[in-house]
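Reader: Please show the sequence and the structure. Some questions on the local geometry follow.

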Amino acid sequence: MLYRGSIGAISIGAMALTAALGVSGTGAGAFEDSQYPSFNGKWNRAPTPGAPRTPQPVYDPSKGWGKAQGAPLTPEYAALYEANAADQAAGGAGSTLGFTCRTIGMRGIMTLFQPMEVVVLPDTTYILIDRGNIQRRIFTDGREWPKEIEPSFIGYSIGKWIDEGGSGHYNVLEVETRGFRGPRWYDAAGILLHNDNQSVIKERIYLDTADKNLMHEDITVADHALTRPWTVNKIYRRDPSPRPLWTEEVCAEGNPWVAIGKEAYMLSSDGELMPAKKGQAPPDLRYFNQSKK
Amino acid sequence: MNCRSSIGAKSITSVSITSISIGSMSIKSLALLAALLLPGLLRPDAAQAFDQSKYPNLKGQWLRVGSPRWDDAHAPLTPEYQAIYQANLKDMREGGQGIDPTYTCLSPGMPRIMNAYDPMEVVVTPNTTHILIQHIHDGRRIFTEGRDWPKDEEATFAGYSIGKWIDTKADGHYDLLEVETRNLKGPRVYDSTGLPFHEDNATVIKERIYLDKADANLLHDDITVTDHALTRPFMANKKYSRAPEAQPVWLEAQCADGNHHVLIGKENYYVSEDGYLMPAKKDQAPPDLKYFNKR
């Protein structure tokens, strides 16, 4: 098994290749695409064969919605999930803040509500998802974990390219992600990650051996809201178009949800505030001069 | 002057002969060794080699130089749009948001994206140059593989950008990226003053992106806007300075996270720190609560 560092620019072969491809003293150097798997292109979420239908994309695509995901939650977080599910059943948004257009963070973003582009360069692999303006960087330059990480919803990702078959070509990208902020959810059903944000997420990203247009992502989450690590396999299908259409999704555009304090309301088609749930109280207007109404 | 297509057509062999200079190995022996190794390294489904040395080194983190503004005092607005702009400024003076839509977390769109409210990364690949900026929704793709304008593409805030790499000195290295952007949608303004674009969104934006000749850590973007709200094209030169850190910190921006602005109907309100709806302007009326069951 070879790792990126050893394949890098050290071997004579790589030196010759670099020379042959025309590195000059002033430029950034040649990047040999063929040493990496062809991750480029537009990837869409692919259904797991035989998986049950769900109202929205779910974290484990092989299983059903909500509780059917089988998340190994601690009793405390199972209770939080139940409360969230009850609120959703009553018409509310539950505990998730996706309705406010805030990202649901890692892991939920890799559920691919929108297509993903993967751009592989030697030092960084970029995962770009329009929904939420996700610009995820997986650093593959051999860096160490920084001493201080500014917490973020997508976390700080360090990756390592691996040549598992010893063929001279990388075929697996192993990624570890830390440094989170919250709250974060696995999917829109509202299964929460722990609010200590100590999650450690490991991924193995690789192309299917029989179908190069199928990408696998094995994800293992270690989190204090879980009784054991939770592993799922996600599948993405490459858009066959050489020039795929990239649609823009700006969540705030036409979003009918309004968050005021801890309450979620909706906007009617005529632009007026309305309850999201039966019997929901209107917002407190204490800061308005009511005589002006 | 060479454009991308002509440079791109050079064979690997011809490039290697013009640029090899490594240690004591001769050009011939290196080329021979490479020729022997290449077939084993290149798979049938492999993508082409990407010779980054042909492109200007745009790597790193770029920080806006100066304020994220356009020169509104000299904007050649038509009388109609000058009136719209002035009404917008009046609303802002009264505490409103004018016609700047970004307080609701709508994308700033082009060319405002290039104001670079947050640090920018320019990711150059053979077919696409990506402009990555966090802020609200400020990512762009500039397609550089020689495509034509699409016929039925959906309009977007960022628009559809086609670029062309140019080797102005004919030295085998691109030093200029020319970009044209069309197919935009609105509402868009140039900056936080609310300087408006025409509502027909027929804007055409041309850019010339290049490194400063005297300072390779200074990036220029000469932007020329043609728009029906203007009496003539409106130009700006945006500058960006490269952060010196080898591993710069990329901060995450989530506009919706902690955004206190709320749009209800056509009125913008504010949510107080203690979570109550409050007026954004003096004597602003509260929202109509007719859909609530008054108890």
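Reader: In which order do the three strands of the open sheet in chain A lie?

Author: This is a predicted model, in which local features need pLDDT of at least 70, side-chain atom pairs count only at pLDDT 80 or more, and totals for chains, interfaces and linings use all residues. Residues are numbered from 1 along each chain as its sequence is written, chains are lettered from A and ligands numbered from 1 in the order written, and side-chain values use heavy atoms, without hydrogens and water. Strands are DSSP runs of E with at least two residues, numbered from the N terminus, and two of them pair if DSSP finds at least two bridges between them. The pairing in this sheet of chain A is antiparallel, and the order is 12-13-14.

Reader: Which strands of chain A are the edge strands?

Author: An edge strand pairs on one side only. In chain A that applies to strand 12 (257-260) and strand 14 (273-274).

Reader: What is the bridge partner of A:A259 in strand 13 of chain A?

Author: Strand 12 and strand 13 (residues 263-267) of chain A run antiparallel and are joined by four bridges. For A:A259, the partner in strand 13 is A:A264.

Reader: Is B:N183 buried, partly exposed or exposed?

Author: B:N183 lies in the loop between strand 8 and strand 9 of chain B, and its phi is positive, near 60 degrees, in a residue other than glycine. Buried means under 20% relative accessible area, exposed over 50%, and partly exposed in between, with a 1.4 Å probe and protein chains only. The relative accessibility of B:N183 is 29%, so this residue counts as partly exposed.
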